[in-house]
Amino acid sequence: MMKIKALIMAGGKATRMNNIEKPLIKICGTTMIERILNALKNTKFIEDVYITTSKNTKNTEILLKTLGYKTITTSGEDYVEDLKNTIIKLNIKDPILILPSDLPLITPNTIEQLINIYIQNNSPPAMTFYIPLQLLKTQTNYTEQINNIKVAPSGISIIKGSYITQNVIPQTN
């Protein structure tokens, strides 16, 4: 069975949330970051979990260290640069599952289904997962058309670390 690493991006500015640290927002008494960590912990494909934090998420970093997790400090200024720099710093060459820290309802089953889709598509250099707009309960400015279906990015992707320094990564949606 294929095992991959996971990276939770938890260093953002949360400008739409009045600078409240999104990973620390509680849903039914559990923080969003803990919910994601629990989902990953109960997923058969995940071997290691890395979490980025920044000056924007100092309290998140404190919580994670209290829970026994190691964090990677990033600038918190640019999601893509933070992602790229983290993968380079960790010297990850194999596929890595990328998740934002604000998906509190993700389940181990969903994560396993996404990884299975990745494997069934012959483990491409990169795969981004989208949500049909008709399933969203909110508005978004980020939409695309794939196979005549309007979709929005979920924030979840799998990237082969060895491709991270390339200007264009061949991608499967």
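How many residues of strand β6 are buried? In this predicted model, 6 of the 6 residues in β6 (residues 95-100) are buried, so the strand is mostly covered under the cut-off of 20% relative accessible area.

- Strand β1 (residues 4-9) runs parallel to β6, and 5 bridges join the two. Lys5 stands opposite Ile96 of β6.
- Strand β9 (residues 149-160) runs antiparallel to β6, with 4 bridges between them. Ser157 in β9 is the bridge partner of Ile98.

**Nonpolar cores**

- The largest nonpolar core has 24 residues. Ile8, Leu40, Leu97, Leu99 and Ile115 touch the most other members.
- Helix α1 gives the most, with 5 residues.
- Leu40 touches Ala6, Ile8, Ile46, Val49, Leu97, Leu99 and Ile111, leaving out residues up to four places away in sequence.
- A second core is separate and has 12 residues, among them Met9, Leu83, Ile87 and Ile92.

**Helix α4**

- The 13 residues of α4 should span 18 Å at 1.5 Å a residue. The end C-alpha atoms of α4 are 18 Å apart, which agrees.
- Ile111, Glu112, Leu114, Ile115 and Tyr118 are buried in α4. Seen down the helix axis, the buried residues fall within an arc of 160°, so they line one face of α4.
- Those buried residues pack against β1, α1, β4, β6, β7 and β9.

**The loop between β4 and α2**

- Ser54 is found in the loop between β4 and α2. With a relative accessible area of 0%, Ser54 is under the 20% cut-off and therefore counts as buried.
- Beyond its neighbours within four places in sequence, Ser54 is in contact with Gly11, Thr73, Thr74, Ser75 and Gly76.
- Lys55 lies in the loop between β4 and α2 (58-66). Lys55 and Thr73 are 18 residues apart in sequence, and their C-alpha atoms are 8.1 Å apart in space.
- Lys55 touches Thr74, Ser75 and Glu77, not counting residues up to four places away in sequence. The side chains of Lys55 and Glu77 make a polar contact of 2.6 Å.

**Thr31 in strand β3**

- Thr31 belongs to strand β3 (residues 30-31). Its relative accessibility is 5%, so Thr31 counts as buried.
- The side chain of Thr31 makes a polar contact of 2.7 Å with the side chain of Glu34.
- Thr31 also touches Pro23, Leu24, Ile25, Lys26 and Leu63, setting aside residues up to four places away in sequence.

Terms used:
Residues are numbered from 1 along each chain as its sequence is written. This is a predicted model: local features need pLDDT of at least 70, side-chain atom pairs count only at pLDDT 80 or more; totals for chains, interfaces and linings use all residues. Side-chain values use heavy atoms; hydrogens and water are left out. Buried means under 20% relative accessible area, exposed over 50%, partly exposed in between (1.4 Å probe, protein chains only). Two strands pair if DSSP finds at least two bridges between them. A nonpolar core is a set of buried Ala, Val, Leu, Ile, Met, Phe, Trp, Tyr and Cys residues joined through side-chain atoms within 4.5 Å. Contact means heavy atoms within 4.5 Å. A polar contact is a pair of N or O atoms within 3.5 Å; within protein, one must be able to donate a hydrogen and the other to accept it, and residues adjacent in sequence count only if both atoms are side-chain atoms. The expected span of a helix is 1.5 Å times one less than its number of residues. The arc is that of the directions from the helix axis to the C-beta atoms.
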